[in-house]
Amino acid sequence: NAYNMATGGGETRAHGGSDSIITEFATYEDFLDSQITPRDLYYLEDEELARQLVELGYRGSGEVLKREEFEQRKQAASASKVARHDQESELCSSGKDLSEFPVLGALGEREEANRNGKMMSILFIRCKNGKGQEISGYVDYAHRLKTEDFSIYFSGKKKLLPQHNDLSFYNWDTNFCSSSSTPNYQVLADSKGGLLFKCKRDRKVIDVDPKATSPGDNTSRVSIFSPRYTQQVIIYDHITRRKA
């Protein structure tokens with residue numbers, strides 16, 4: 001037609017592939033505009049029409065990239081960037097002198113492994129809350145690391161306490177108890193063998209009964225004494241077979 005003849009029909013602006021398009025342009029409109037020449041606008045006299053022609057593949061670099069695909073790739077690129085940042089970011093325990101705090105020191109030693117999914121530790125904590133009430137509970141350490149800023153704990157500004165939404169919680173003064181499964185563990189509270197936790201990743205069961213001969217496959221148990229807690233803090237380290 002007259003437009004194609006006047007503009008040369010095949011005039012294009014090349015880009016180095018879809019990946020570079022995603023990183024180069026903030027919005028889909030920016031990508032479309034980069035394909036439009038002054039000559040296009042002169043003959044079409046309509047920016048939106050020019051954009052539509054690029055989107056349909058009549059103009060541009062020859063690669064037809066629909067809006068939905070652009071947005072999907074943009075989101076994937078953003079998620080990948082966030083994941084890399086999280087992986088490269090400094091651990092909350094990094095640079096902290098925890099030599100005088102045995103529990104925090106043990107948590108610091110396990111922080112990286114619990115963040116990257118190689119280990120999923122369960123903590124048994126018994127202590128006093130802010131009201132002076134005695135509470136206890138089983139804590140999914142890896143899950144709490146993802147949902148809280150642990151720098152307040154490693155800096156000593158706040159004491160790590162079990163919460164109502166942890167794997168298990170009990171208030172010894174009010175007799176209130178609760179249990180909640182997490183993304184990592186399923187609570188098997190009705191088991192004849194007592195309280196058990198089933199790892200959702202490898203389906204291994206962790207037995208937290210102190211009388212049990214073993215806490216389970218790929219799981220070790222260690223007790224750490226600290227004056228900040230009523231009794232020793234018990235850590236069940238479960239090594240997962242697959243990486244996160």
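**Figure 1. S93 and its contacts in the predicted model.** S93 touches L98, G108, E111 and F154, leaving aside residues up to four places away in sequence. The model shown here is predicted. S93 is found in the loop between α6 and α7. Is S93 buried or exposed? Its relative accessible area is 10%, so S93 is buried.

**Figure 2. E90, in the loop between α6 and α7.** Helix α6 spans 67–88 and helix α7 spans 102–116, and E90 is found in the loop between them. E90 has a relative accessibility of 64% and therefore counts as exposed. How far apart in space are E90 and E112? Their C-alpha atoms are 9.7 Å apart. In sequence, E90 and E112 are separated by 22 residues.

**Figure 3. E134 in strand β2.** Strand β2 covers residues 134–140, and E134 is found in this strand. E134 counts as buried because its relative accessibility is 16%, and the cut-off for buried is under 20%. Which residues does E134 touch, not counting those up to four places away in sequence? They are R126, C127, K128, Y170, N171, W172, D173 and T230. One of these contacts is N171. E134 and N171 are 37 residues apart in sequence. In space, their C-alpha atoms are 6.1 Å apart.

**Figure 4. The lining of the largest cavity.** The structure holds one cavity of 30 Å³ or more. The largest cavity has a volume of about 50 Å³. Rolling a probe the size of a water molecule over the atoms shows where empty space is left. Which residues line the largest cavity? F101, P102, V103 and L104 are among them. The lining also includes K158, K159 and L160. S226, R228 and Y229 line the cavity too. By class, six lining residues are nonpolar, one is polar and three are charged.

**Figure 5. Positive phi at N175 and R203.** Most residues other than glycine have a negative phi, and most peptide bonds are trans. N175 is not a glycine, yet its phi is positive, at about 65°. N175 lies in the loop between β3 (168–171) and β4 (176–179). R203 is also a residue other than glycine, and its phi is positive, near 65°. Where is R203 found? R203 sits in the loop between β6 (196–199) and β7 (205–207). R203 counts as exposed because its relative accessibility is 58%.

**Figure 6. Helix α1 and strand β9, the ends of the confidence range.** The mean pLDDT is lowest in helix α1 (residues 2–7), at 40. Confidence is highest in strand β9 (residues 233–239), at 97. Residues 1–17 keep a pLDDT under 50. For residues 1–17, the model has 36 contacts beyond four places in sequence. Where pLDDT is low, the predicted coordinates should not be read in detail. Over the chain, pLDDT averages 81. At least 70 is the score of 72% of the residues.

**Figure 7. The chain as a setting for the close-ups.** The chain has nine helices and nine strands. Of its 244 residues, 39% are buried. The chain exposes about 14,100 Å². Carbon and sulfur atoms supply 49% of that area. What share of the contacts between residues at least 6 apart in sequence joins residues at least 24 apart? The share is 53%.

Notes:
Residues numbered from 1 in each chain as written. Predicted model: local features only at pLDDT ≥ 70, side-chain atom pairs only at ≥ 80, totals over all residues. Heavy atoms only, no water. Helix = DSSP H or I, 4+ residues; strand = E, 2+ residues; numbered from the N terminus. Buried < 20%, exposed > 50% of the residue type's maximum accessible area, 1.4 Å probe, protein only. Contact = heavy atoms within 4.5 Å. Areas by Shrake-Rupley, 256 points an atom, 1.4 Å probe, with all protein chains shown as cover. 1 Å grid on protein atoms, 1.4 Å probe; cavity = no way out; pocket = protein on both sides within 12 Å on 5 of 7 lines; lining within 4 Å. Points joined across faces, edges and corners; volume = space filled by probe spheres on them. Nonpolar A, V, L, I, M, F, W, Y, C, P; charged D, E, K, R; others polar. pLDDT = per-residue confidence, 0-100.
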